[in-house]
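Here is a walk through one protein model, residue by residue and then pocket by pocket. Keep the structure open while reading.

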Amino acid sequence: MFTSMIKLVGKASRLYVARAVASVSATINKQLDPQDEAMGKEQCFLVDDNDIVTGQASKRDCHLVQEDGNIPLHRAFSVFLFNQKGDLLLQKRSSEKITYPDHYTNSCCSHPLTNFPGEEEEANALGVRKAAQRRLNYELGISLDSIPIDSINYITRVHYKDQGNGKYGEHEIDYVLFIQRDVKLNPNPSEVSEISFVPRTEFDDFIPTLTGQWTPWFSLILKHRLKFWWDHLDRLDEIKDHKKILRFGSEK
């Protein structure tokens with residue numbers, strides 16, 4: 001069990017309690033946040049193994065496991081948000097999520113979309129960083145002006161595949177983005193059910209207390225690189241690699 005639990009009521013500033021985990025209300029207004037509708041309307045960027053855009057497809061089609069086991073390769077991003085003390089924000093995905101519900105994961109995960117002009121921009125992953133800014137606002141309630149584009153650090157890319165539950169899975173080139181800022185949070189309960197800021201010194205002891213599953217992308221990043229990257233939080237230029245795509249395969 002968690003060391004301490006705090007229900008997310010009132011102002012989001014109450015989240016800033018050391019090592020606190022917040023429970024978000026499970027009451028969801030599906031008319032305002034139709035997960036299924038978004039799966040059909042939102043259009044992801046299809047890419048080849050070298051991250052060259054080859055087309056677009058709905059988020060649903062990008063995650064459906066085909067009869068032959070294939071899943072279309074598409075572009076995504078994973079945000080690792082640290083406060084000024086260097087604590088990492090983790091979250092548990094809502095039970096309402098269509099892909100990987102109730103899974104623990106990094107601060108924010110999503111996709112650049114063709115629906116939003118500018119998210120196709122390639123230079124220094126500008127489009128992906130714009131998408132991350134948009135998604136941090138939607139998923140965690142972080143105001144757009146509190147995370148300027150220049151504060152979003154593009155570290156590298158990870159290529160992985162996971163069959164998920166057999167119906168919906170993942171096959172992504174995932175842009176790893178680091179941010180270190182103190183921000184106010186107001187998580188969207190249709191997206192996030194729990195959050196926790198975890199200090200680096202307590203991370204190894206904290207992980208075993210989480211009895212649920214991890215998302216495959218976070219599990220692979222945790223296994224191969226996260227602690228090393230975290231230890232370079234104050235010198236990110238030393239770990240950035242925009243040429244090589246890390247090939248992590250699958251956890252399964």
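**Around Arg129**

Arg129 touches Asn124, Ile149, Asp150, Ile152, Tyr154 and Leu177, not counting residues up to four places away in sequence. Contact here means heavy atoms within 4.5 Å. This is a predicted model, in which local features need pLDDT of at least 70, side-chain atom pairs count only at pLDDT 80 or more, and totals for chains, interfaces and linings use all residues. Residues are numbered from 1 along each chain as its sequence is written, and side-chain values use heavy atoms, with hydrogens and water left out.

Arg129 sits in helix 3, residues 126-140. Helices (H or I, at least four residues) and strands (E, at least two) are DSSP runs, numbered from the N terminus. Arg129 counts as buried because its relative accessibility is 7%. Buried means under 20% relative accessible area, exposed over 50%, and partly exposed in between (1.4 Å probe, protein chains only). A polar atom of the Arg129 side chain lies 3.0 Å from the backbone oxygen of Ile149. Such a polar contact is a pair of N or O atoms within 3.5 Å; within protein, one must be able to donate a hydrogen and the other to accept it, and residues adjacent in sequence count only if both atoms are side-chain atoms. Gly118 is eleven residues from Arg129 along the chain, and their C-alpha atoms are separated by 10.0 Å.

Helix 3 also holds Leu140. Leu140 is buried, at 0% relative accessibility. Beyond its neighbours within four places in sequence, Leu140 is in contact with Leu89, Ser107, Cys108, Arg135, Leu185, Asn186, Pro187 and Val192. Pro189 is 49 residues from Leu140 in sequence, yet the two are 9.1 Å apart, C-alpha to C-alpha.

Now turn to a loop. His103 lies between strand 6 (88-93) and strand 7 (104-105). Is His103 buried or exposed? It is buried, with a relative accessible area of 11%. Its side chain reaches the backbone oxygen of Tyr100 at 3.5 Å. Leaving aside neighbours within four places in sequence, the contacts of His103 include Gln91, Lys92 and Arg93, and also Gln213, Trp214 and Thr215.

Next, the cysteines. How many disulfides does a search of the whole structure find? It finds zero. A disulfide is a pair of cysteine sulfur atoms within 2.5 Å. The closest cysteine sulfur to that of Cys44 is in Cys62, and at 4.4 Å it is too far for a bond. Cys109 is in no disulfide either, with the nearest cysteine sulfur, that of Cys108, 6.3 Å away. Cys44 is buried at 0% relative accessibility, and Cys109 is buried at 10%.

The largest pocket has a volume of about 490 Å³. It is lined by 31 residues, and Ala38, Glu42, Lys59, Arg135 and Glu191 lie nearest its centre. Elements giving two or more residues to this lining are helix 1 (35-41), helix 2 (59-63), strand 5 (74-82), strand 8 (108-110), helix 3 and strand 10 (170-180). Helix 1 gives the most, with five residues. On a 1 Å grid over the protein atoms alone, a pocket is an open set of points where a 1.4 Å probe fits, with protein on both sides within 12 Å along at least five of seven lines; lining residues have an atom within 4 Å of a point.

Finally, the whole chain. The protein chain has six helices and twelve strands. Of its 252 residues, 56% count as buried.

Key
Points joined across faces, edges and corners; volume = space filled by probe spheres on them.
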